[in-house]
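Before reading on, take a moment to look over the sequence and the fold. This briefing goes through the main features one topic at a time.

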Amino acid sequence: MTVTTHREYVKVAEVENETVAAETRVVSPRTSMGFEYTFPAIRGIQAGREFYVSMCPLRLIPKIFIFDEDELSPELRAQRILNKGRLPALSKYILDNPNDYIFSALTASVDGDMTFESHSLDGVGFRAGQLRIPMEARFLINDGQHRRAAIELALRENPDLGEETIAVVFFHDAGLARSQQMFADLNRHAVRPARSIGVLYDHRDASSQVVREMINRSSIFRGYVEMEKSNLSARSRMMFTLSALYFGTQALVQGLEIEPEEATDLAQSYWEAIDRTLPEWGQVRSRELSATEMRRDFIHSHGIALHALGRIGNSLFRESTSPSKWKKQLAPLKKVNWARANPHWEGRAIVGGRVSKSHQNVTLTVNYLRNHLGLSLSPEEQRVEDAYLRGEA
């Protein structure tokens, strides 16, 4: 681009002839302003400081917001190190849902001059206008670095996403200490929602749909599943959490090439067969036993047991030719001592007196049940079992 003695404007993104995010400007050498971004923006005030909200095309995000602090020590950074393991799932979420994804705003500090030109001197127009930022300014992401990196990955596979926009909140960079404080404040009150309510509200995940429908259909679950929380209080009358049933049912149908409706029927049939081997579940429904007492004295309604039973069922489905066969194979479960007091659970399902849901403990619980059912262990399960028997677990 040639610098001229008059102003030239090159629009970066345009939708229906309307600028939606930014434009690059070449200014006369006589003004010595160089290149700059111009964002349509709204001005706001927080804690006496001005900040600005704009919309930025996705294709500009990787170019403007560069994350290069990985090699700095934590005290010299204003962000956590990028967890690259999170990026494929985030990027896949965008690519798999091009008509239905949603990302919240990025928050950034600008280390450089910011000039806001309002549309008018009073009224609504005073808060709306153009935010001008020199291109040599440094943009530091205070919140949203993983979204930024995921957007970059998604654009490589689908460049058409570049014309879409994301909200960006701009603050003036007041130094490293202030940026670090912003990161701490933005994350201080962030609480990840309970897994149960995530399952309840997730209409994309097939396993979530299966377990919700199964609960609505089956008398053994309807009215006895905590649908919002992933932990039950000591006095709760619920027998299970939605998240525990989700992971158990997901393990149950994993890898089976069946439609959701068939998966729902199969899962309902399986858990109802399990119910017939566990008298305490029925005793809670008949009010002979309280849910509190059952959860206190037995482990079969806990997440680790449901997950282990799901894995057992998955194996039976793959090996059995008919429901009558796999249901018959479940009969020995009636002889399993599910009481917490059973010393065989210590180190397998219970560690230090508390039920453990670690992957290793799930596998050890699966192994215990397989032995009762006369089922062989997989090579990985055998390795975990051997380590446990040697006292290495």
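Predicted model: local features only at pLDDT ≥ 70, side-chain atom pairs only at ≥ 80, totals over all residues.

Of the 393 residues in the chain, 46% count as buried. Among contacts between residues at least 6 apart in sequence, 65% join residues that are at least 24 apart.

**Paired strands**

**Nonpolar cores**

- In soluble globular proteins, nonpolar side chains tend to be buried together.
- The largest nonpolar core in this model has 54 residues, and those with the most contacts inside it are Phe-221, Tyr-270, Trp-271, Ile-274, Trp-338, Trp-345 and Leu-369.
- Several helices each supply at least two residues of this core, including α6 (206–217), α8 (260–275) and α13 (359–373), while the largest share, 8 residues, comes from α11.
- Apart from this core lies another one, of 32 residues, among them Tyr-37, Phe-65, Leu-90 and Leu-106.
- Trp-271, when residues up to four places away in sequence are not counted, touches a set of residues that includes Met-214, Phe-221, Leu-252, Trp-281 and Leu-309.

**A closer look at Phe-317**

- Phe-317 has its place in helix α11, which covers residues 303–319.
- Is Phe-317 buried or exposed? Its relative accessible area is 12%, and because the cut-off for buried is under 20%, Phe-317 counts as buried.
- Leaving aside neighbours within four places in sequence, Phe-317 is in contact with Leu-252, Leu-256, Leu-266, Tyr-270 and Trp-326.
- Lys-327 lies 10 residues from Phe-317 along the chain, and the C-alpha atoms of these two residues are separated by 9.9 Å.

**Pockets**

- Rolling a probe the size of a water molecule over the atoms shows where empty space is left.
- The largest pocket has a volume of about 900 Å³ and is lined by 19 residues, of which Arg-192, Pro-193, Arg-195, Gly-198 and Asp-202 lie nearest its centre.
- The elements that give two or more residues to the lining of the largest pocket are α2 (87–96) and α5 (195–201), and α2 provides the largest share, with 4 residues.
- By class, the lining of the largest pocket divides into 8 nonpolar, 3 polar and 8 charged residues.
- The second largest pocket holds about 660 Å³ of space, and 24 residues line it, of which Ser-230, Asn-231, His-302, Gly-303 and Lys-357 lie nearest its centre.
- Strand β13 (240–241) and the helices α7 (242–253), α10 (291–297) and α11 each supply at least two residues of the lining of the second largest pocket.
- The lining of the second largest pocket consists of 9 nonpolar, 10 polar and 5 charged residues.

Definitions and conventions
Residues numbered from 1 in each chain as written. Heavy atoms only, no water. Buried < 20%, exposed > 50% of the residue type's maximum accessible area, 1.4 Å probe, protein only. Contact = heavy atoms within 4.5 Å. 1 Å grid on protein atoms, 1.4 Å probe; cavity = no way out; pocket = protein on both sides within 12 Å on 5 of 7 lines; lining within 4 Å. Points joined across faces, edges and corners; volume = space filled by probe spheres on them. Nonpolar A, V, L, I, M, F, W, Y, C, P; charged D, E, K, R; others polar. Core = buried A, V, L, I, M, F, W, Y, C linked by side-chain atoms within 4.5 Å.
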